[in-house]
Amino acid sequence: MRDPEFLVIGAGAAGIAAARTLTAAGREVMVLEGGPRVGGRAHTTHALGSPLDLGATWLHEANNNPLTAFAHDALNHDDVRERHLWLGSRWATPAELDDYAEAEDAFYEALAAGTEGPDRPVSEVVPSGGSWDATVRHWQGAQIQAMEVERLSTHDQVENELDDPNLLLPEGIGTLLTGLAEGLPIRLNSPVERLDWSGPGVVAEGPFGRIRAKAAIITVSTGVLSADSLRFTPELPLAHREAIDGLPMALLTKFGFRCADRLGIEPFHTIRKAVTAADPRPLSFIMWPFGRDHFFGFVGGEFAWELARAGDAATLAAGAAEFRSIFGPVELGASTLSDWGTNPLFLGSYSQARPGHAGARARLAEPVGPLLFAGEATALGLAGTVGGAWREGERAARALIAGNAL
Ligand SMILES: Cc1cc2nc3c(=O)[nH]c(=O)nc-3n(C[C@H](O)[C@H](O)[C@H](O)COP(=O)(O)OP(=O)(O)OC[C@H]3O[C@@H](n4cnc5c(N)ncnc54)[C@H](O)[C@@H]3O)c2cc1C
């Protein structure tokens, strides 16, 4: 095997974007992907008989998302989604939904105001006394950011707040990325175990042997970087190690069930549950996407980690029990779920800056000798998203083309 000019570690959104940019500029690149498929945390399964994304689900902030240009048959979910909020024994009335929406607005206003002064945990700046506040905090924390508000940086959250529109893709975002990776020089099942950057250039070691290149773009998650399964020789500088430590992985687990009964809910509608003392960590559901006979659900934050440690059956049982706590003894068919928390190639769903570490993304993006880090963790503005990862892959590739990090 001939050594390439550049290496890209990982074939998720950032790796695919980096490889496309380098290839388009006529540069020689090899992508080493540890797993058996491309797409990384954007993965579409057909386990329920039709496409279902187990990772990235929406193209958020679609008017400012580099992947929108490729998503020709996308649907704006905001146009067709209606929210249903279960209060334990009945649905919230329209007036109650309005109150809930007001509490959400107050959350965002307080968050924005909270960026005055030092970076504090989100929990310290957002409202807590109102009747909907516990539900809003749970939703904006564990269920959307995949981490509790106590552990989230206010500055990072505001910097990366996502606007509408939110697009859904009928064939899935994983399918989109698989198509965008076609023809690229990607080696699957090739985990990099060690990166020697003592120079000249960089040498990647793994089951494939040793591959030398002038420079490498590293797109693995901060979970993988913290786990030491990919070792660096010499060790990364302190600033980079601190940046990685400042960007721990949150966990959002996604599951889906087939269900023949439409239960009186229209396609694309969302189901949430209010937080109560008896039910402090509810899950959420999205019903019949594209009119299909399945729904999918999310569990995020500490509850997701607990269930991931307990195993797939525990997560699916929790999902089914939550669904039936709303809809009664419904018959559920085939099921599927993600393994982002336990899969050693990811170890979480996306990164979140710790309070006081909002600058970690920019620090991680700074070149270290012949190494450039890129991915959702280094994105500023679209952090944690597939579009942000894509943009970062392009940025890192352009830096190599310009001769930086060499
Ligand atoms: C449940 C869930 C829901 C989400 N929802 C959304 C959403 O709606 N919208 C959105 O925009 N984003 C969403 N995201 C986030 C989005 O999926 C990620 O931010 C994005 O896909 C990350 O891309 P990346 O290229 O940075 O990293 P990855 O996709 O993780 O790519 C890195 C690649 O590196 C590989 N790898 C790991 N270790 C090694 C090694 N040692 N050697 C070689 N290869 C290695 C991995 O297998 C992986 O393929 C969601 C994520 C999850 C998990």
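In the predicted model, an oxygen atom of the ligand lies 3.0 Å from a polar backbone atom of G384, a polar contact being a pair of N or O atoms within 3.5 Å; within protein, one atom must be able to donate a hydrogen and the other to accept it, and residues adjacent in sequence count only if both atoms are side-chain atoms. Of the 1,000 Å² of accessible area that the ligand has on its own, the protein covers 98% (accessible areas follow the Shrake-Rupley method with a 1.4 Å probe; for residues, only the protein chains shown count as cover). A nitrogen atom of the ligand is placed 2.9 Å from a polar backbone atom of V192, and a backbone N or O atom of W58 is 2.8 Å from a nitrogen atom of the ligand. The ligand is surrounded by 37 residues, the closest being E33, R41, W58, V192 and V386; a residue counts as near if one of its heavy atoms lies within 4 Å.

Residues are numbered from 1 along each chain as its sequence is written. Because the model is predicted, local features need pLDDT of at least 70 and side-chain atom pairs count only at pLDDT 80 or more, whereas totals for chains, interfaces and linings use all residues; side-chain values use heavy atoms, with hydrogens and water left out.

The protein is divided into domain 1 (6-41 + 171-247 + 352-402) and domain 2 (75-168 + 252-337), with bounds from an automatic or database domain assignment. To their contact (heavy atoms within 4.5 Å), domain 1 contributes 14 residues and domain 2 contributes 16 residues. Over C-alpha atoms, the centres of the two domains are separated by 30 Å.

The area buried between domain 1 and domain 2 is about 1,000 Å², with 50% given by carbon and sulfur atoms; buried area is the accessible area (1.4 Å probe) that two parts lose on being put together, summed over both. Between the domains there is 1 salt bridge (a side-chain nitrogen of Lys or Arg within 4 Å of a carboxyl oxygen of Asp or Glu). The side chains of D156 and R361 meet in a salt bridge at 2.9 Å, N to O.
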